[in-house]
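The entries follow the order in which I took up each topic.

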Amino acid sequence: MGSRRRVRRLVVDGTVYGWCFGHRHVRGRPGCGSTVTLWRAGSPARLRLVFRSGPGRAVADGYFDEGAAVRLSDREYLNLHEPGSVRALLDEALARDVFPAAGTAEVDGWPLFDAVTPPQVPPGRL
């Protein structure tokens, strides 16, 4: 049986990036985590964006959506299977200069999530 991980492609300003989604449960740790791994074509450097569940932050456990949704308690979410979501996260990672020149950098994805999702306006505050 082959890997279920699907490799996808994005092109940003003429640079080709590969990306894939991952989801796992860690034995002995409550909750689960989702990752988006990105790389430049032809480069061994990898950026792994990690989303772990925690207070006010939820990671789908994978029953219906393969764990692709990450969301805040106010219901703002990103689907990590969607190229548009991954492109927004990649653009923010590039703007913050967190993409490694070599090796693999594992970065908390939630600060990037916060930057690419619009702030929610409380009801009655329009």
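Predicted model: local features only at pLDDT ≥ 70, side-chain atom pairs only at ≥ 80, totals over all residues.

**Entry 1: a charged pair**

I then looked for a partner of Arg52. It forms a salt bridge with Glu106, and the closest N and O atoms are 3.9 Å apart. Arg52 belongs to strand S4 and Glu106 to strand S8 (residues 104–108), so this pair ties together parts that are 54 residues apart in sequence. Glu106 is likewise listed as partly exposed, at 47% relative accessibility.

**Entry 2: further salt bridges**

I asked how many salt bridges the model holds. The count comes to five. As background, I noted that side chains of opposite charge can pair when their charged atoms come close.

Arg57 lies in strand S5 (residues 57–59) and Asp114 in helix H2, so the pair ties together parts that are 57 residues apart in sequence. I found Arg57 partly exposed at 24% relative accessibility, and Asp114 partly exposed at 36%.

Another salt bridge links Arg96 with Glu92, the closest N and O atoms being 2.8 Å apart. Arg96 is partly exposed, with a relative accessible area of 39%. I also recorded a network: Arg48, Arg52 and Glu106 are joined into one by salt bridges that share partners.

**Entry 3: helix H1**

I turned next to helix H1, which covers residues 83–95 and has 13 residues. From its first C-alpha to its last, H1 reaches 18 Å, close to the 18 Å expected at 1.5 Å a residue.

Which residues of H1 are buried? I listed Ser85, Val86, Leu89, Leu90 and Ala93. Seen down the axis of H1, the buried residues fall within an arc of 130°, so they line one face of the helix. On the other side of H1, I found Gly84 and Ala95 exposed.

I then looked up what covers the buried residues of H1. The cover includes strands S1 (8–12), S2 (15–24), S3 (33–40), S4 (46–52) and S7 (77–79), together with helix H2 (110–116). Just after H1, Asp97 takes a positive phi of about 60°.

**Entry 4: the nonpolar core**

I examined the largest nonpolar core, which has 24 residues. Leu38, Leu49, Phe51, Val70 and Leu80 touch the most other members. At least two residues of this core come from each of S1, S2, S3, S4, H1 and H2. Which element supplies the largest share of this core? I found that H1 does, with four residues. For context, nonpolar side chains tend to be buried together in soluble globular proteins.

**Entry 5: the hairpin of S1 and S2**

My last entry concerns two paired strands. S1 and S2 run antiparallel and are joined by five bridges. Within this pairing, I noted that Val11 stands opposite Val16 in S2. The hairpin has two residues between the strands, and in it Asp13 takes a positive phi near 50°.

Notes: Residues numbered from 1 in each chain as written. Heavy atoms only, no water. Expected span 1.5 Å × (residues − 1). Buried < 20%, exposed > 50% of the residue type's maximum accessible area, 1.4 Å probe, protein only. Arc of directions from axis to C-beta. Contact = heavy atoms within 4.5 Å. Salt bridge = Lys/Arg side-chain N within 4 Å of Asp/Glu carboxyl O. Core = buried A, V, L, I, M, F, W, Y, C linked by side-chain atoms within 4.5 Å. Pairing = 2+ DSSP bridges.
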